[in-house]
Amino acid sequence: MKEAIYPGSFDPITNGHLDIIERGVKIFDKVHIVVGRNMNKKCLFTDDERIRFIKECTAHLGDKVVIDSYDCLLVDYCDQVGVHTVIRGLRALTDFDYEFQMALTNRQLNEKVESVLLVSNIIYTYVSSSMVKEVASYHGDVSEMVPPNVLEALKEKYNY
Ligand code: ADP
């Protein structure tokens, strides 16, 4: 069985992330979507909220996806679950430097770990969690960028 891990902050999950997940499940039998806990980044949503949003909007994928979280080096998490293929998404060239560095660092830490960089649909190349939060904080329309459950949560968070 071919399995892969798709790690991220998912604060919150966007249609760009979902596009990468949909592509991932076409290539792999199972995709482990894993939320980074206690990372240096300060998150808008709690670990449990971020996990819940992902569960809700990937429910249609059934057992093609597993949702979990991790609080350690990603390569150590890979060893724990016995899955050493890591999916990351590429929006534009601006993502490339960071993702390339991450892939090489992970390989340096654990040579079993392979990274697969997937390109999302061009209509989502501008979508990022940080842009979504910025726009939503000023009550802008992010309905094209996030799934309905996240849209509701953002409206609640920013009172609009
Ligand atoms: P991290 O903090 O680990 O970068 P993110 O949740 O921001 O976590 O992103 C997780 C992964 O999803 C990253 O590889 C990122 O490049 C990718 N990603 C996020 N948004 C998009 C998008 N719109 N299109 C393609 N990939 C994306």
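The dialogue below moves from the whole chain to single residues.

A: Please note at the outset that this is a predicted model.

Q: How many helices and strands are there in the protein chain?

A: The protein chain has 6 helices and 5 strands. Read from the N terminus, their order is β-α-β-α-β-α-β-α-β-α-α.

Q: Why is the protein chain described as compact as a globular protein of its length?

A: The radius of gyration is compared with the value from the globule rule. Here the radius of gyration is 15 Å, close to the 15 Å that the rule gives for 160 residues, so the chain is as compact as a globular protein of that length. Along the principal axes, the C-alpha atoms fill a box of roughly 45 × 35 × 30 Å.

Q: What share of the contacts in the protein chain joins residues 24 or more positions apart?

A: Among contacts with a separation of 6 or more, such pairs account for 74%.

Q: What may be said of burial and surface in the protein chain?

A: Of its 160 residues, 49% count as buried. The accessible surface comes to about 8800 Å², and 52% of this belongs to carbon and sulfur atoms.

Q: How far apart are the mean positions of the positive and negative charges?

A: The chain carries 18 positive and 24 negative charges, and their mean positions are 1 Å apart.

Q: In which sense do β1 and strand β2 pair, parallel or antiparallel?

A: β1 pairs with β2 (residues 30-36) in the parallel sense, over 6 bridges. Within this pairing, E3 stands opposite K30 in β2. As a general idea, the side chains of a regular strand alternate between the two faces of the sheet.

Q: Is V150 buried or exposed, and which residues does it contact?

A: A residue is called buried when its relative accessible area is under 20%. V150, which lies in helix α6 (residues 148-157), has 0% relative accessibility and therefore counts as buried. Beyond its neighbours within four places in sequence, V150 is in contact with P12, I13 and F53.

Q: Which residues does N106 touch, and where is its place?

A: N106 belongs to helix α4 (residues 93-109). At 8% relative accessibility, N106 counts as buried. Leaving out residues up to four places away in sequence, N106 touches L74, V75 and V113.

Key
Residues numbered from 1 in each chain as written. Predicted model: local features only at pLDDT ≥ 70, side-chain atom pairs only at ≥ 80, totals over all residues. Heavy atoms only, no water. Helix = DSSP H or I, 4+ residues; strand = E, 2+ residues; numbered from the N terminus. Rg over C-alpha atoms; globule rule 2.2 N^0.38 Å. Buried < 20%, exposed > 50% of the residue type's maximum accessible area, 1.4 Å probe, protein only. Contact = heavy atoms within 4.5 Å. Areas by Shrake-Rupley, 256 points an atom, 1.4 Å probe, with all protein chains shown as cover. Lys, Arg positive; Asp, Glu negative; His and termini not counted. Charge placed at Lys NZ, Arg CZ, Asp CG, Glu CD. Pairing = 2+ DSSP bridges.
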